[in-house]
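Biologist: Please show me the model. I have some questions about its residues and its confidence.

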Amino acid sequence: MVRLFYIILLSLQVSAVAAAPNGTLRVIDADTFDVGGVRVRLFGIDAPEIGQPCAANGEEWDCGRWVRDLVRAQFDGQRAICTQQDIDRYGRVVATCDVDGADLGAVIVSEGWAWAYRRYSDRYDLDEKAAAVAGHGLWGVSIETAAAYRASRFAGSDAPDPACAIKGNISSNGRIYHLPGNDNYARTSINEASGERWFCTPSQAEAAGWRAARN
């Protein structure tokens, strides 16, 4: 009987972990958030990278920041309830999240602020098609997909994931992160066994204690 009690208790604990994280949402970019202090990558969607350009009517701007600010204006500071789907190699929780009962991924894709990430799921396929027909957000500008942008930008990088190609190096100068295009990026190698790391965003690197390279 005691053994049965502990089995039930363990199953409840596992269910609680699977349902987490929950809490106040802080927008990092249009598909990445901190929820209750936990870094979350939304499952099934892919948004433009910070610094990725888009254009319309002869003007060009930073599309990653544009959609991030749109998502931030609508959702930052609200309470999110997330269901974990996976953990990626960078320690981010991959999850679906609801805000006020609405699927956050569905809203973002429907507004044209991100694409359905069919490499991993068709969950938001119809939401993307509706946004495309209506010309919402990214569907009203000229832009390549985030996946294509990463593949071209990080061509020649030895990063295991093109989406996470920032090099977190440890040297006599301390913990320094190098962005693709920095002077020392190509000559910097990463030894994960010694504590060096790959990062997906500058904010992720800085939160982990790395500082930006000066060039």
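Biologist: Which residues does E128 touch, not counting residues up to four places away in sequence?

Modeller: This is a predicted model, in which local features need pLDDT of at least 70, side-chain atom pairs count only at pLDDT 80 or more, and totals for chains, interfaces and linings use all residues. Residues are numbered from 1 along each chain as its sequence is written, and side-chain values use heavy atoms, with hydrogens and water left out. Contact means heavy atoms within 4.5 Å. Beyond four places in sequence, E128 touches V109, W115, A116, R118 and W139.

Biologist: Is E128 buried or exposed?

Modeller: Buried means under 20% relative accessible area, exposed over 50%, and partly exposed in between (1.4 Å probe, protein chains only). E128 has 8% relative accessibility, so E128 counts as buried.

Biologist: What is the length of the polar contact that joins the side chains of E128 and R118?

Modeller: A polar contact is a pair of N or O atoms within 3.5 Å; within protein, one must be able to donate a hydrogen and the other to accept it, and residues adjacent in sequence count only if both atoms are side-chain atoms. For the side chains of E128 and R118, the value is 2.7 Å.

Biologist: Which residue is joined to R26 by a side-chain polar contact of 3.3 Å?

Modeller: R26 is partly exposed, at a relative accessible area of 43%. Beyond four places in sequence, R26 touches F33, D34, D76 and G77. The side-chain partner at 3.3 Å is D76.

Biologist: What is the mean pLDDT of the protein chain?

Modeller: pLDDT is the predictor's confidence in each residue, from 0 to 100. Over residues 4-18 pLDDT stays under 50. In the protein chain, 88% of residues reach 70 or more, and the mean is 86.
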